[in-house]
Amino acid sequence: MTQQPAAPAPDEAALGEEFDAPVRGSAEELLDAGAHSELDAMRHSAAHVMAEAVTGLFPGAKLGIGPAIQDGFYYDFDLPRPLTPDDLSAIETRMAASVAADHPFVRHELAPADGRAFFAERDQPYKVEILDDLGAKSAAAGEPIPVTSTYEHGPFIDLCKGPHVASTGRIGPFRLLSVAGAYWRGDEHRPMLQRIYGTVWTNQAELDQHLWRRAEAKKRDHRRLGVQLDLFSFHDVSPGSAFWHPRGQMIWRTLEGSMRELQLRRGYQEISTPILVNEKLWLQSGHLPLYADNMFLLQVEGQTFGLKPMNCPESTFIYRSRLRSYRDLPLRYNEYGRLHRNERSGTLSGLTRVRQFIQDDAHIYVRPDQLADEIEALLGEVREAYSWVGLTPRFAFATKPDKALGDPALWEKAEALIKEALDRSGAQYVVKPKDGTFYAPKIDIYIDDALGREWQMATIQADLTMLPEQFDLTYIDEHGQPQRPIAIHRAIYGSLERFIGILVEHFAGAFPLWLAPVQATIIPIADRHLPPAEELAGVLRGRGLRVDVDASDNRMQNKIRLAQEQKIPYMLVLGDREVEGRTAAPRTRVGEQQPAEEWSALADRLARESAARGL
RNA sequence: GCCCACAUAGCUCAGCUGGCAGAGCACUUCCUUGGUAAGGAAGAGGUCAUCGGUUCGAGUCCGAUUGUGGGCUCCA
């Protein structure tokens, strides 16, 4: 967010650093009302008006495309020089003038050849390319080339299939947001154009709401809160890899602990496999040719080793370490594997795009007749784990892609079994045809966070070929014959790094009690209350609670403020009154004051609340 | 990787057209021992990301490098 053309409102700036204690569950008010076609027409029209402004400022500018998108629009330009934030305000000013002039949008239709000539004359090669592609596509389909339609408003005319609002005056309040580079047609071998993003709404209140939501998202940004809450940091000695501070690591361990509990209950067995592995492993699995660019490879004594980018192949060595009976299956191996992927430098971003991460991975080996039951159980695991953090998973079923390994009949069977499991579990899901991996149909899991943003999280894949065939896995069936198992790959949190990043933003740093790295801070009012404060801390820690004592010489009010900023769920105030009765006065981070409570009763209550994993 | 922007104290940031490096918070010490969102005073803290260049003189101008941000791209 490098360019914000207009200064924030003064009161907003003053409040910016310390936003109010977030009230979780207020998601609805943050949600977008949703786009509709009238608004889309307005946004697309705004793109035209912006193109008018840009071509006015930069005669000879070449135009890419300028569609409506969620919340706004963009337009790509080929310009003689890079745009600056000052240019954005100049463009906004010109746009405002065009809106004030209320130019009608007029549609013209031209014969295809005339249309091409029209844009060729005006030296608009990208538009010509679009028309040529359109013609080629029609020819290939054996259809007539459609007429070329253009829309004209005031001094500006553009290739466009519409629709538009009636006139520029109908365009609602807008704001230009940022400039970014974008390859023509998303292809890095094509020229890089300059893209300007803007947002448009039907009225000022909606625009204000949108800008507020953007500001709110920025305040919740896990990269910012990670520093403020002392969770993790990044350093240039290892770009793309987080340094976990004690509090961040505590969140990590707490999530991991809950998952271990669930996995134990479900009969998983935990394994751990090497990080540094000879490249021949990925030659065998088939990953190497496709994935080598994303791997960290190194030469060791004349051989090539790599840091593992995924866990899957190695669990097969444990599977094959002895002969397996049909009675052994399902065999559920889970692994918290530390993975490295060489993401391109420009793509790294906080915890959501990293080079090193740890997955709560598992590989489950099943007989074909066990597949549907196992998938159904896995869907239950996903629902349970996500309920701990108040997220509702949505499922997408991705089927066989065109380029796929293995016997099509097997695919068909596996897909039918997955569908059966999905239906039986009562899950809501969409089907994404041909979106599976080359070795497995899969179920992808999505959530919407408190700001209404969608994230792809976990995945469940039913691998028919890669592990079973490439590594020649077998089990002995009841007739003494070797059979192929199916390998289910699944991660529930996915990457813990990414999961925590999403949770930080979802909760705005105010983690539920069970997950909060510090669950309570004890606030002695005066120094003489320090020894009993330590005593109380001992009682609470004895019940497994994570507790700090604020031993600074700050005043109580200041200690409360600091605990509030750290979003610690409970502040336990200890003064003369409390020490006398061996009680403490709890205050929650939303400002609620609870009656003073006897130490062991308080410890019991908080421990119960924490164990319940409530929100 | 590519385009653009940015990098000043632990954090958030100021430093106009080149002329001895600043503030608030945090930290240390002292005073204060308090009742639900900042008590007071003093002090310490910076090779202005790194390397090179222009200049009498560079935080400031130019170049390269590294990192970060907004995007594009990719994602088994």
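This is a predicted model: local features need pLDDT of at least 70, side-chain atom pairs count only at pLDDT 80 or more; totals for chains, interfaces and linings use all residues.
Helix α13 spans residues 371-387 and helix α14 spans residues 408-424. Their axes come within 8 Å and cross at roughly 45°, which means that α13 is oblique to α14. The crossing of α13 and α14 is right-handed. On the α13 side, the contact is formed by Leu 371, Ala 372, Ile 375, Glu 376 and Leu 379; on the α14 side, Ala 414, Leu 417, Ile 418, Glu 420, Ala 421 and Arg 424 take part. By class, the contact of α13 with α14 comprises 8 nonpolar and 3 charged residues, with no polar ones.

The second pair consists of helix α17 (residues 530-542) and helix α20 (residues 599-611), whose axes come within 9 Å at a crossing angle of roughly 40°. This angle makes α17 oblique to α20, and the crossing is right-handed. Leu 536, Val 539 and Leu 540 of α17 meet Trp 599, Ser 600, Ala 603 and Leu 606 of α20. The contact of α17 with α20 contains 6 nonpolar residues and 1 polar residue, and no charged residues.

Around RNA strand B there are 58 residues, of which Gly 181, Gly 186, Leu 290, Gly 346 and Gly 575 come nearest. Two or more residues of this surface are given by each of the strands β7 (174-183), β8 (192-200) and β27 (583-588), and by each of the helices α8 (222-228), α11 (288-291), α18 (556-565) and α19 (576-581). The surface near RNA strand B divides into 22 nonpolar, 21 polar and 15 charged residues.

How values were computed:
Residues are numbered from 1 along each chain as its sequence is written. Chains are lettered from A and ligands numbered from 1 in the order in which they are written. Axes are lines fitted to C-alpha atoms, for helices over the stretch in contact, and angles run from 0 to 180 degrees between N-to-C directions. Helices (H or I, at least four residues) and strands (E, at least two) are DSSP runs, numbered from the N terminus. Angles under 35 degrees count as roughly parallel, over 145 as roughly antiparallel, 65 to 115 as roughly perpendicular and the rest as oblique. A crossing is left-handed if the near helix is turned anticlockwise from the far one by less than a right angle, and right-handed if clockwise. Two residues are in contact if their C-beta atoms, placed from the backbone, lie within 7 Å. Ala, Val, Leu, Ile, Met, Phe, Trp, Tyr, Cys and Pro count as nonpolar, Asp, Glu, Lys and Arg as charged, and the others, Gly among them, as polar. A residue is near a molecule or strand if its C-beta atom, placed from the backbone, lies within 6 Å of it.
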